[in-house]
Amino acid sequence: MSRNLRGLSARRGLKEGLYEAVVKAAGGGHISRDEGLASLADDFMTGKAAALGVSSFYDFLNDGQYGKKVYVCDGTACLTSGRQANLMHKLLEQYPEHEIGTMTCLGHCHSNNAFMVNGEIRVEGTAHDAKTLRISSNTDKPALLTPEGDIDAYYALAGVCMADTGSALKELELSGLRGRGGAGFPFHVKVRPSRDAQAAKKYIVCNADEGDPGAFSDKWLLEERPHSVLFGMLMTGLITGADTGVVYIRGEYPLAVRRMREAVVQLETAGITESGPGKTSFPFRFHVVEGSGAYICGEETSLLNSLEGLRPEVRTRPPFPAVYGLFGKPTVLSNVETFANIHYILKEGGASYASLGTEKSPGTKLVSLDGAFNNPGLLEVRMGTPLRSVIDEMGGGTRYPVKAFQIGGPLGGLVPVSKIDDLTLDFESFSREGFLLGHAGIVSVPETFPVIRLLEHLFEFTKKESCGKCFPCRLGAARGYEMLADAAGKGKKIDKQLFDDLLETMQLGSLCALGGGLPLPVRNALQYFSRELEGYFTTKKA
Ligand SMILES: Cc1cc2nc3c(=O)[nH]c(=O)nc-3n(C[C@H](O)[C@H](O)[C@H](O)COP(=O)(O)O)c2cc1C
Ligand code: SF4
């Protein structure tokens with residue numbers, strides 16, 4: 001079924017494609033939503049149920065969220081900082097309650113008081129200014145923070161590499177660059193099959209759906225270093241033979257969408273990339289697509305389905321995107337930060353990049369620090385940097401006592417302060433100690449914040465964001481949330497055996513890392529905060 005729909009959608013491609021048509025139709029305008037969806041279903045020959053199935057998936061297109069005037073961030077850092085209640089109180093003085101919605105998360109975790117009005121992110125108190133973000137690095141030659149400078153000079157490197165794409169790929173291999181979207185998969189390993197694939201059409205897709213509450217590093221790159229991201233995509237396209245690059249940016253980042261679109265126009269105007277017929281330096285065209293509010297669209301196959309205008313449920317793999325990706329064509333799909341590293345690698349050499357990190361985690365990593373830190377903001381650190389140095393030296397410690405840090409998003413581990421000295425900031429150290437580096441967003445959990453509430457929040461988040469394709473996640477997240485909410489709010493005890501079974505079922509039976517990854521921070525909490533949590537559990541069956 002989805003292959004048929006994919007085929008129908010592929011006929012129209014990306015420009016005025018099915019996804020954007022659904023967004024437009026669901027957004028109403030001069031005709032009703034129902035009429036709009038029915039007419040596009042006819043136009044694309046997909047059937048009304050398929051169009052409705054797509055539009056009903058996204059937060060921004062749903063009645064509950066659609067058309068609010070103001071959206072308050074309800075991400076993890078805002079929750080644990082305890083500032084949401086005050087923000088809501090202030091907003092209620094200006095807006096009626098039914099005009100206030102929520103968004104998870106606005107990527108303003110360094111200030112913990114963000115809301116969105118008319119597509120602009122603001123903070124309670126002072127005006128929003130991206131430059132108020134503190135930015136620092138512990139390397140003299142940062143790969144990611146260095147300004148791009150003049151774009152002709154910046155892209156001249158692509159011309160040099162185009163003449164010998166084999167050598168460019170070798171530098172990427174030498175660099176050992178690993179994906180920064182969470183799993184740490186070696187980048188060159190997905191580039192090679194796409195390069196080797198015999199196909200008339202290939203794509204490069206940049207995953208800019210940074211949904212992990214606590215992370216705002218991709219947001220910063222998109223807003224402040226857009227050409228580093230586009231350059232990385234362009235080079236990957238030249239190496240693999242792809243002529244189209246798509247940047248899929250979450251709708252919660254409106255400034256990032258604008259900045260990336262401006263950067264694409266800059267390239268087209270300068271004759272560097274294509275906009276239409278005419279001579280350009282590189283046979284490559286970019287599209288910037290704005291998401292509509294769905295965390296799961298950060299999962300790569302869900303993202304591809306979203307771009308195709310299908311219901312963005314996770315696909316089973318294999319086949320992997322490198323051979324069967326966007327519209328079924330070979331596609332290199334990677335994270336914003338992964339692509340942003342490529343300029344440094346090709347300019348300074350793979351070996352130089354590798355030397356910035358450890359043997360198995362080469363290079364640097366962007367780290368996001370939330371508002372609990374004395375120096376909140378963005379860091380570029382060498383992989384292998386002691387976590388203690390990140391937290392106490394670079395972050396300046398926290399403004400109030402903290403008992404744990406959730407690192408790597410909602411599916412990342414819960415690191416108690418007692419483990420800080422055992423960790424260095426790299427993939428191996430985190431996994432060896434039973435945590436996950438993920439996107440390296442660091443969310444502080446104050447001593448006064450109940451761990452049971454954090455667990456309830458994580459299950460609630462997963463319940464809401466589950467794509468619903470597999471039972472362990474769809475049902476498990478809902479049942480787990482009920483148990484935790486009853487325990488936290490009504491004093492009902494949780495059957496420990498049942499809860500352990502639930503975690504095991506989710507971990508082993510889920511199709512993707514949303515349901516499969518949630519048990520990690522929950523088990524960390526059960527291990528390191530057993531005394532705080534024991535009163536909520538019973539070992540006897542009810
Ligand atoms: C639930 C879920 C959410 C994800 N969200 C993101 C995301 O926001 N950004 C991202 O780059 N990768 C995300 N990923 C990982 C992607 O599926 C994919 O592995 C990644 O984009 C590949 O790029 P990389 O190799 O450069 O890391 C997510 C995965 C899962 C299971
Ligand atoms: S684990 Fe959850 S999000 Fe992932 S495929 Fe299953 S239902 Fe969908």
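Which pocket does ligand 1 sit in? The structure is a predicted model, in which local features need pLDDT of at least 70, side-chain atom pairs count only at pLDDT 80 or more, and totals for chains, interfaces and linings use all residues. Residues are numbered from 1 along each chain as its sequence is written, chains are lettered from A and ligands numbered from 1 in the order in which they are written, and side-chain values use heavy atoms, with hydrogens and water left out.

**View 1. The site of ligand 1.** Ligand 1 sits in the largest pocket. A pocket is an open set of points, on a 1 Å grid over the protein atoms alone, where a 1.4 Å probe fits, with protein on both sides within 12 Å along at least five of seven lines; a molecule sits in it if more than half of its atoms lie within 2 Å of its grid points. The shell of ligand 1 holds 19 residues, each with a heavy atom within 4 Å. The closest are G181, K190, N207, N335 and T338. By class, five are nonpolar, eight polar and six charged. Strand β9 (331-335) gives the most to this shell, with three residues, and α22 (513-517) supplies at least two. Helices (H or I, at least four residues) and strands (E, at least two) are DSSP runs, numbered from the N terminus.

**View 2. Polar contacts of ligand 1.** A polar contact here is a pair of N or O atoms within 3.5 Å. A polar side-chain atom of S334 lies 3.0 Å from an oxygen atom of ligand 1. A backbone N or O atom of G298 is 3.2 Å from a nitrogen atom of the ligand, and a polar backbone atom of D209 is 3.4 Å from an oxygen atom of the ligand. The protein covers 91% of the 600 Å² of accessible area that ligand 1 has on its own (Shrake-Rupley method, 1.4 Å probe).

**View 3. The shell around ligand 2.** Ligand 2 is surrounded by 13 residues, and the closest are C467, K469, C470, C473 and C512. Eight residues of this shell are nonpolar, four polar and one charged.

**View 4. A salt bridge between R178 and E428.** The two side chains meet at 2.8 Å, N to O; a salt bridge is a side-chain nitrogen of Lys or Arg within 4 Å of a carboxyl oxygen of Asp or Glu. The pair links distant parts of the chain, 250 residues apart: R178 is in the loop between α8 (165-175) and α9 (187-196), and E428 is in helix α18 (residues 427-432).

Note on methods: Polar contact = N/O pair within 3.5 Å; in protein donor to acceptor, adjacent residues only side chain to side chain. 1 Å grid on protein atoms, 1.4 Å probe; cavity = no way out; pocket = protein on both sides within 12 Å on 5 of 7 lines; lining within 4 Å. Nonpolar A, V, L, I, M, F, W, Y, C, P; charged D, E, K, R; others polar.
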